[in-house]
Every structure is written in structure tokens, then in C-alpha cells.
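Thanks for coming. I'll talk about aromatic rings today, and then take comments.

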Amino acid sequence: MEKTAFDGFALAAGLCLAEENGKVSCQACAHACVIADGARGVCGARFNSNGTLHAPSGYVAALAADPVEKKPFYHFHPGALTLSFGMPGCNFSCRFCQNHELSQNLRAGGPDLPVSAVTPEKIAGAAVSAGAAIIVSTYNEPFISCEWGKEVFIAARAKGLKTAFVSNGFASEKSARYIMPFLDACNIDLKCFSDRTYREIIGGRLEPVLDTIRLMWEAGVWVEVTTLVIPDLNDSDAELAQTAGFCAGISPEMPWHVTAFHPACNMRDKGRTPAATLARAAGIGRKAGLKYVYTGNIAGGQQDTLCPHCHARAIERDGFAVVSRAVTAGGCCAACGGNIAGRFSPV
């Protein structure tokens, strides 16, 4: 097994099962990798050393303050500042990855990224110092470092902070249930509604992602779904309707973000997503019954939150900034008193 600069930070993983002949079964995601001694899982970040599964811990490769709208979360404490952290590695190999420098670094054999050793308490303290209200595990796939995320979130909650994942949703049921007691919100990428595309272009399967979305919503974790709309891959009316219909079938109050693709990673032969395509996708989402549909990664998108009862502008946004808000801390429209789904803080 080729060593990486990050291996020295790894600690014994909790999400695993012992197998015969020194092998371990990783339970962090739906790949359920059975890993021989000296080998790595699909993600490249979790590895077997002398019959013990090791998982990333004790460092960050990215740590930054961001508006919560950038994640994107539009109904989870709108206007709040987050402290976001991430590590190298991912359990998917999306050809169109928009953040491949970090998430695909281990798989691509890229250069070692600079990392910083840090404790959960220091991350939580940095969030408080920055004025952040939420700590978010993002930039790469958080489920591959689920044990580390849990420790960070315990420290965050001790300081009164909220917690969130930005994830591809390819979790095992065991890992989802492991993190949910410490998780307030999750934005999940539902990349398409084709199992074939998941297998051939993304490196996973569709059904586990659907299961994670359903499980988290039913457990009371606030869930928003994002679909990167890619020309000639997942932008047909039929597939967008399937994606929107699935979300609406769980709850019409689940926000759906349809965002614009730009050429990246190993998919540079396609052009950017036209604004008209995103507008069409948003219309399909509303027709499916979704109350809150947003378009992103494009100028002049549909960013404002409208009250589903009186259609007043409840939250006005300019880019990632909240310009005005007419929603009470209890989630009621200031104009008509109707409920607006989400988690809201006092203004």
C-alpha cells in the first residue's frame, strides 16, 4: 500500500467489522469495502493496517468561513455564517466533479495537499471566534471520515453550534444512524435518477442515495437536495421529473436546488448549463409539487424564498447574501402567518 501524508493522522475506525484472514469490512458507506491488510477502500482514505481499519482524523485540508447559502442551505438558519472543514478523498469518482482537486486527490495520485493538525475543540473554538453559528463537514465526502465528523460535532454542540453535512448520500444505513444523533442538517447531492449513470459515470449506485435522503428526513434531520444539471446527461424532462417526484414524494417541503454545471475534471467536452435549462428544471420541480425550488451557479437565478401560501417574498437573496427576511424564528411568514418549512434563528 502506497503511503500518503495523511496516513499519520488516521485512527482506528469505529464503523467496521472484522473479517477472516486479517480483512476488515468498512461500514462507512454503501460500497461496504472488504479490505485486506495493507490495502485501501474505494475512497482511498480508509485503510487496513495489521487487521485494523484506520479512518481520517485530527486534521483538515480546508477550513473556511462561508455563508450557509453557499453550501447550499436556504432553509437552515438563512443568513448564518458557517465554518466549513474538509479532507482529501471521496467514495465516488464523478467524471464531472466540481471540486476534484480535493475530493479526487487520493484516487488521482495527485500531489500531497497541505494539511493542518487540529482538534475538534479548536475547530469549534475557531467557529465561535469567527462568529459562525454552524459547523459543516464539506468540500469532500464527509461519510468517509464519519468518526472524525462525530467528534467535531460533539465539540460544536458543546458550544451551542449547529452541525451539518454536505454529502453525496452514498452512506450505509449504519453510518447514517451513527452520525444522525449529532447532525442537524444535510444537503445531499442527488446527481441523477439513473442507476446506470451512477454506476458508469459516478462510481456508485442510486438506491443507497435515495435511502439516505428518506432515512434522514424521516429521522428529523433537515434535508435539502441538490442536483447538478448536466447537458445531455441528466437534463431530460423525464429524468428531472423523476428526481423532483422522488423528493416531493418524501415531502413537498424539501427544498430542491438545481445548479449549473461547468466543464471540470474529466468532463470538459460539455458546455455550461444554459439558464433556460435550469428554469425548465425549476418548473418541473414545482409541477411535481415541491414548494421550494432554487436555481444556482448562475447569474439571475431563482434564489428568493416565496411563501407557499400568499406568495410574498419571505427571504430575498443577492448571491449568497440574505438581503431581507420576513420569516419569524418559528418559521412563519410575516405577511400571512403561514408556515415556511425549515429551521430559523431569530433575526
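F76 is buried, with a relative accessible area of 1%; buried here means under 20% relative accessible area, exposed over 50%, and partly exposed in between, using a 1.4 Å probe and protein chains only. Rings of Phe, Tyr and Trp (its six-membered ring) pair if their centres lie within 6.5 Å; planes under 30 degrees apart are stacked, over 60 edge-to-face, and the rest tilted.

A word on the source. This is a predicted model, in which local features need pLDDT of at least 70 and side-chain atom pairs count only at pLDDT 80 or more, while totals for chains, interfaces and linings use all residues. Residues are numbered from 1 along each chain as its sequence is written, and side-chain values use heavy atoms, leaving out hydrogens and water.

Next, F92 and Y198, an edge-to-face pair at 6.0 Å centre to centre and 65° between the planes. F92 sits in the loop between strand 9 (81-86) and helix 1 (100-103), and Y198 in helix 6 (residues 195-202), so the pair ties together parts 106 residues apart in sequence. Helices (H or I, at least four residues) and strands (E, at least two) are DSSP runs, numbered from the N terminus. F92 is buried at 1% relative accessible area, and Y198 is buried at 0%. With F170, these two residues form one aromatic cluster.

Across the whole structure, the search finds eight aromatic pairs.
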